[in-house]
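Hi everyone, thanks for coming. Let me put a structure up on the screen, and then I'll walk you through it.

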Amino acid sequence: MEKTIFEKIIDGEIPSYKVYEDEHVYSFLDVFPITKGHTLVIPKKHSRNIFDCDPETAANIGRVLPKIANAVKEAYGCDGVNIFQNNEEYAGQSVFHLHFHIVPRYKDKDINFDNLEVKWPPQKVEPSEFEEIRKAIADRL
Ligand code: 5GP
């Protein structure tokens, strides 16, 4: 299997603007940032995305996400942070090595190039359908 771009970054074959590294995790600036300070957090152990990620890898990422999110927030005093994580092409994944986006959000949009619009249109669901959906998911856990 050909290495993904992120595996090449971890292995030092492609340069990156690294902000953090430990035994299990690597974090660096997104080279096409959505806003100023857009940072990626990836596990060193390869998984394609959330679906094949083992619990230990998820824990390693989870352990450092708050620390890196706080550093990103403090760096430019942003007004909030979105954490995005895309799985499979239809959901917007373009690099097939698990990664989390930390995207700072700014009220002062212009100097921080924050033109991101997160739309979250709520849908109406009847109680019986909620129950059907709940059961379909819960039965698999
Ligand atoms: P996805 O769309 O898979 O959730 O996110 C992949 C991200 O990787 C994109 O935001 C894209 O800008 C970033 N990216 C793609 N190639 C490179 C690269 O070579 N270096 C860095 N630092 N980021 C990259």
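Let's begin at the ligand: one of its oxygen atoms is 2.8 Å from an N or O atom in the side chain of H101. The protein covers 84% of the 520 Å² of accessible area that the ligand has on its own, where accessible areas come from the Shrake-Rupley method with a 1.4 Å probe, and for residues only the protein chains shown count as cover.

A word on what you are looking at. This is a predicted model, in which local features need pLDDT of at least 70 and side-chain atom pairs count only at pLDDT 80 or more, while totals for chains, interfaces and linings use all residues. Residues are numbered from 1 along each chain as its sequence is written, and side-chain values use heavy atoms, with hydrogens and water left out.

Back to the ligand, then. Which residues are the closest to it? They are D30, G92, S94, H99 and H101, among 16 residues that surround the ligand, each with a heavy atom within 4 Å of it. The backbone takes part as well: a polar backbone atom of S94 is 2.6 Å from a ligand oxygen, and a backbone N or O atom of G92 lies 2.8 Å from one. These are polar contacts, meaning pairs of N or O atoms within 3.5 Å; within protein, one must be able to donate a hydrogen and the other to accept it, and residues adjacent in sequence count only if both atoms are side-chain atoms.

Now for another histidine, H97. You'll find H97 in the loop between β4 (80–84) and β5 (100–105). Is H97 buried or exposed? It is buried, because its relative accessible area is 0%; buried means under 20%, exposed over 50%, and partly exposed in between, with a 1.4 Å probe and protein chains only. The H97 side chain reaches the backbone oxygen of P43 at 2.7 Å. Beyond its neighbours within four places in sequence, H97 is in contact (heavy atoms within 4.5 Å) with residues including T4, F6, I10, P43 and R48.

Finally, let's zoom out. The protein chain has 3 helices and 5 strands, in the order α-β-β-β-α-β-β-α along the sequence. Helices (H or I, at least four residues) and strands (E, at least two) are DSSP runs, numbered from the N terminus. Of the chain's 141 residues, 32% count as buried. Its C-alpha atoms fill a box of roughly 50 × 40 × 25 Å, taken along the principal axes.
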